[in-house]
Amino acid sequence: QVRVVESGGGLVQAGGSLRLSCTVSGTTTFSTYGLGWFRLAPGNEREFVATIQGGSTSYADSVKGRFTISRDNAKNTVFLQMDSLKPDDTAVYYCVADSPPLLIRSSWYSLENWDYWGQGTQVTVSS
């Protein structure tokens, strides 16, 4: 059974950095998975943040240039490096995984298209 667990959230001042980690267990084919991050802020809908699909990455316009998604296949882990954080980045961040990976680009941006997701980790950015 595939399990997705996020870590690394916390409280940071505006302009600071955090690195989120997400470990996917229960699979021996992690290297073939598509991976991503979504976030949910109070009063907002769940929002796509970033994805890594094979060698390709894609980011929401709101985080482009500030966030970086990467993966370590040897550790079954995906990371989200978040720099220049803003109060608007405050949200619960969810890691998502899909196998086989989502081939249609437009499907990356909707949570319901992903097979697995974690419980989320809280990120709070103070002004």
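**View A. Surroundings of Gln119 in the predicted model.** Gln119 touches Val4, Glu6 and Tyr94, leaving out residues up to four places away in sequence; contact means heavy atoms within 4.5 Å. Gln119 sits in the loop between β10 (116–117) and β11 (121–126). Strands (E, at least two residues) are DSSP runs numbered from the N terminus. Gln119 counts as exposed because its relative accessibility is 71%; buried means under 20% relative accessible area, exposed over 50%, and partly exposed in between, with a 1.4 Å probe and protein chains only. From C-alpha to C-alpha, Gln119 lies 16 Å from Gly26, and the two are 93 residues apart in sequence.

The model is predicted, so local features need pLDDT of at least 70 and side-chain atom pairs count only at pLDDT 80 or more, whereas totals for chains, interfaces and linings use all residues. Residues are numbered from 1 along each chain as its sequence is written, and side-chain values use heavy atoms, with hydrogens and water left out.

**View B. Salt bridges of Asp89.** A salt bridge is a side-chain nitrogen of Lys or Arg within 4 Å of a carboxyl oxygen of Asp or Glu; the count is 4. One of them joins Arg39 and Asp89, with an N to O distance of 3.0 Å. Arg39 belongs to strand β4 (residues 34–40) and Asp89 to the loop between β8 (77–82) and β9 (91–98), and this pair links parts of the chain 50 residues apart. Both Arg39 and Asp89 are buried. Arg66 also forms a salt bridge with Asp89, the closest N and O atoms being 2.7 Å apart. Here the partners are 23 residues apart, with Arg66 in the loop between β6 (56–59) and β7 (67–72). Arg66 counts as buried because its relative accessibility is 11%, and Asp89 is buried at 2%. Through shared partners, salt bridges join Arg39, Glu47, Arg66 and Asp89 into one network.

**View C. The Lys64–Asp61 salt bridge.** The side chains of Lys64 and Asp61 meet at 3.1 Å, N to O. Asp61 counts as exposed because its relative accessibility is 66%.

**View D. The largest nonpolar core and Met82.** This core has 37 residues, and those with the most contacts inside it are Val24, Trp37, Leu80, Met82 and Tyr93. A nonpolar core is a set of buried Ala, Val, Leu, Ile, Met, Phe, Trp, Tyr and Cys residues joined through side-chain atoms within 4.5 Å. Strands that each supply at least two residues include β3 (18–25), β5 (47–53) and β11; β9 gives the most, with 5 residues. Beyond neighbours within four places in sequence, Met82 is in contact with residues including Leu18, Leu20, Arg66, Phe67, Tyr93 and Val123.

Methods
Helix = DSSP H or I, 4+ residues; strand = E, 2+ residues; numbered from the N terminus.
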